[in-house]
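Have the viewer open as you read.

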Amino acid sequence: LYGHFGFCSLLWHAVFLFQFAFQANGWGSEISHKLARKCDVVNRGLSGYNTRWAKIVLPRIVPISDAPIAAVTVFFGANDCAVEDKNPAQHVPLQEFTDNLKDIVKYLLSIGVSNDKIIFITPPPLQEAAWEKECLLKGSALNRLNSVSGQYAQACVQAAGQSGVDVLDLWTLMQKDGFSPQDFSVYLSDGLHLSDKGNQFVAEHLWTLLERRVTDLPFILPYWGDVDPKCPESSLLCD
C-alpha cells in the first residue's frame, strides 16, 4: 500500500492493500471493472498503515479462505519511508521494511497463495514542494523526501526478486525519460497521494501484470443471450 496500507486480491478473488483504490476513478475500481463477472476484487487497504502494523493485522484482514485467489497486490512504502525525526509514528527502518515485505510473502504462501500470484507495488515518487504545503497546513514540517522514497522503492524491488514475486516499480516508471518533478506531479493529487491520472497510470501498468493471470478465468454465469428462456434453470444451475 502506498500512502496507506495496502493489499488487494482477486476472487475468484483478488486482494488490494490500498484504501483509496476504490474511490471515484481509483485504480482498484478500474481493475474491478475489467474483471467484472470473473473476479471479486477485495480492497484490504488501511490509510496510514505501514508494514510493521500490516504484519500484525494481516491474518485478520487476509484470512485463510476456501475461495481461490487469482492475485494479491502488496502496496507499501510511502508511510514506512517517512523521515524518522519528523514522523516517528509511521517510520519503519529500511531493513525492517524489507524484512516485513518478505514476511508478508511468507504468510501469503502459508495460506495457499503461490509466488506467481503476488505482485509488489513500490511507492510512487514524492513531489516535495506540493507535499510540504500539505504538511505546513497541518502544522508540521516536510516529513518525506523523494530520495528516501526511492530507497524504499528499490528495497521493494529487491525484496520482490528475493521472494520470487512480480513488482510494479512506480517510483521509476513515473520518473522515466528524465521527467522533472513538475512532470510527474500530474500523477499526484497533493505530492504524495495519487491523482486521477496517477490512478489511471497504476491501473494501466498493473493490468499488464494481472492480465495473464486472469485471462483464462471463466465468466461467472452465462451470458444472458445463452440462457434458455424456456428452462432457465438448465442454464443457470449447471456447473
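In helix H8, the buried residues are Gly198, Asn199, Phe201, Val202, Ala203, Leu206, Trp207, Leu209, Leu210, Arg213 and Val214; buried means under 20% relative accessible area, exposed over 50% and partly exposed in between, with a 1.4 Å probe and protein chains only. This is a predicted model, where local features need pLDDT of at least 70, side-chain atom pairs count only at pLDDT 80 or more, and totals for chains, interfaces and linings use all residues. Residues are numbered from 1 along each chain as its sequence is written, and side-chain values use heavy atoms, with hydrogens and water left out.

**Helix H8**
- H8 covers residues 196–214 and has a kink of about 40° centred on Thr208; the bend at a residue is the angle between axes fitted to the seven residues ending there and the seven starting there.
- Helices (H or I, at least four residues) and strands (E, at least two) are DSSP runs, numbered from the N terminus.

**Aromatic pairs**
- The count comes to 5 aromatic pairs, taking rings of Phe, Tyr and Trp (its six-membered ring) with centres within 6.5 Å; planes under 30 degrees apart are stacked, over 60 edge-to-face and the rest tilted.
- Trp27 and Phe75 form a tilted pair, because their ring centres are 6.0 Å apart and their planes are at 55°.
- This pair links helix H1 (Trp27) with strand E6 (Phe75), 48 residues apart, and both residues are buried.
- Phe97 and Tyr152 are also buried, and their rings are tilted because the planes are at 50°, with centres 5.2 Å apart.
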